[in-house]
Amino acid sequence: MKSEHRYLFVEILEGVLLVMLGVATMLRTEQVLDSLTLIFGILAVITGLADVMFYIRLERHTGFRPAVSLVSSILSIMLGSALIAHPNVGTGIMLIIFPIFIIAHCIARLTHLNIVRYVAGEVSFWLTLISNAVGLILGVILLFDPALSAAALGVILGVDLILLGIEAVVFAIDCYCRLK
């Protein structure tokens, strides 16, 4: 029983943090985009270096076969370095990747609707369905109109984060009520 309450507390905390992040994103869009680009660059470099180290350890046991992994690692390092060195280019790339992320995220959430209905009830089910259907439509629109994506990215991302936060809090409250 304690583990369920801990999970619900974490879910509520996640929801509150997502709402706060959504508001901050809407207020400071440009800084958020630059920060995301820098974070992706750093993660790409770290991932590439980790893959190179893995290749070095594995290569002596497997021969030449993981060479594709090594090439991928080097490309990851190069991409990460480019994003760090030229964040404006990275922001442009983010405008293409962002709608794809929204679409993939919403599809993933929509595939879990039956579990949401079973675990959290009708309110969470409908909130999840509506928020992710709207997110899916927005993702498709942004995918086909990058100029709109650039103009509205901060607001759309902020609203999406706020909706995800509200959804997490409502889900936790519904689950708590069902546990009683």
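How much space lies in the second largest pocket? I found about 190 Å³ there, in what is a predicted model, where local features need pLDDT of at least 70, side-chain atom pairs count only at pLDDT 80 or more, and totals for chains, interfaces and linings use all residues. Residues are numbered from 1 along each chain as its sequence is written, and side-chain values use heavy atoms, with hydrogens and water left out.

For pockets I used a 1 Å grid over the protein atoms alone: a pocket is an open set of points where a 1.4 Å probe fits, with protein on both sides within 12 Å along at least five of seven lines, and lining residues have an atom within 4 Å of a point. A volume is the space filled by probe spheres set on the points, which are joined across faces, edges and corners.

Among the residues that line the second largest pocket I noted Arg109 and Glu167, and both of these also touch Asn132, contact meaning heavy atoms within 4.5 Å. I placed Asn132 in helix H6 (residues 122-144), helices being DSSP runs of H or I with at least four residues, numbered from the N terminus. Asn132 counts as buried because its relative accessibility is 2%, the limits being under 20% for buried and over 50% for exposed, with partly exposed in between (1.4 Å probe, protein chains only). Phe144, also in H6, counts as exposed at 67%.

I then looked up helix H4, where Phe98 and Pro99 are among the buried residues. Phe98 is also one of the residues closest to the centre of the largest pocket, and H4 gives the largest share of that lining, six residues.

Technical notes. Helix = DSSP H or I, 4+ residues; strand = E, 2+ residues; numbered from the N terminus. Lists of a residue's contacts leave out its neighbours within four places in sequence.
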